[in-house]
Amino acid sequence: MRTSIRLVDTLNKGLALVCGLALATMTALIFLQVLVRFVFAKLQIQFSVPWTEELSRYLMIWAVFIGAAVIARRADALAVEALVLAVPPRMGRIIKFSAHVLALLFYVCIFLLGLDWIEFGLTEDAPVLGIHMAWVYASMSVGAALTIVNAIALLIEVLVEKKDILDVIDHEA
């Protein structure tokens, strides 16, 4: 089990890097768009880069879904834990574990919904880039699958390795 957990943690390091690269590229593309639209236009230099806006939007979508997977492993998503902290620790553990199981079921639904969207995306193309929208819609299923793997790794740590689910947020993947 520990080897599988380490493999997931190694995968997450790569995913975090991919997310960072996507966000850096998105920032550079938006900066280029601002330069072209405002600075170069002011200098009477006429050219257009309409693809930057569309590509940056698609990079953001992929970064969100991949980032969600990394966050799921760390149990570091935004949460209102007032109830978990207000009840005795044993009850708090049950509540938090139940929330993670429900979230896992939600990720499965997103995965299945994403498969439908991929199929739909094969029938339409992006307006500027001209790629099949299936490449964009695939982010839902890929991100959900990675999130499912990470959620299962978290639950394995809690159930098999007896990590305290109330303290697992401090886990560094």
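Trainee: Which helix do tryptophan 117 and phenylalanine 120 both lie in?
Mentor: They sit 3 residues apart, about one turn of the helix. Helices here are DSSP runs (H or I, at least four residues), numbered from the N terminus. The one that holds both tryptophan 117 and phenylalanine 120 is α4.

Trainee: What should I know about the model, and from which number does residue numbering start along each chain?
Mentor: It's a predicted model, where local features need pLDDT of at least 70 and side-chain atom pairs count only at pLDDT 80 or more, while totals for chains, interfaces and linings use all residues. Side-chain values use heavy atoms, with hydrogens and water left out, and residues are numbered along each chain as its sequence is written, from 1.

Trainee: How far apart are the end C-alpha atoms of helix α4?
Mentor: Helix α4 covers residues 89–121, which is 33 residues. The expected span is 1.5 Å times one less than the number of residues, so it should come to 48 Å. The model agrees with that, as the end C-alpha atoms are apart by 46 Å.

Trainee: What kind of aromatic pair do tryptophan 117 and phenylalanine 120 form?
Mentor: Rings of Phe, Tyr and Trp (its six-membered ring) pair if their centres lie within 6.5 Å; planes under 30 degrees apart are stacked, over 60 edge-to-face, and the rest tilted. Here the centres are 5.5 Å apart and the planes stand at 90 degrees. That makes the pair of tryptophan 117 and phenylalanine 120 edge-to-face.

Trainee: And which class does the pair of phenylalanine 40 and phenylalanine 47 fall in?
Mentor: Their ring centres are 5.5 Å apart. The planes meet at 40 degrees, so this pair is tilted.

Trainee: Is phenylalanine 47 buried, exposed or partly exposed?
Mentor: Buried means under 20% relative accessible area and exposed over 50%, with partly exposed in between (1.4 Å probe, protein chains only). Phenylalanine 47 has 41%, so it counts as partly exposed.

Trainee: Which residue links up with Trp117 and Phe120 in a cluster?
Mentor: Tryptophan 117 has 34% relative accessibility, so it counts as partly exposed. Phenylalanine 120, at 43%, is partly exposed too. Ring pairs link Trp117 and Phe120 into a cluster with Tyr137.

Trainee: How far is the C-alpha atom of alanine 24 from that of isoleucine 5?
Mentor: Alanine 24 belongs to helix α1, residues 2–42. Isoleucine 5 is 19 residues away along the chain. Their C-alpha atoms are separated by 29 Å.

Terms used
Helices (H or I, at least four residues) and strands (E, at least two) are DSSP runs, numbered from the N terminus.
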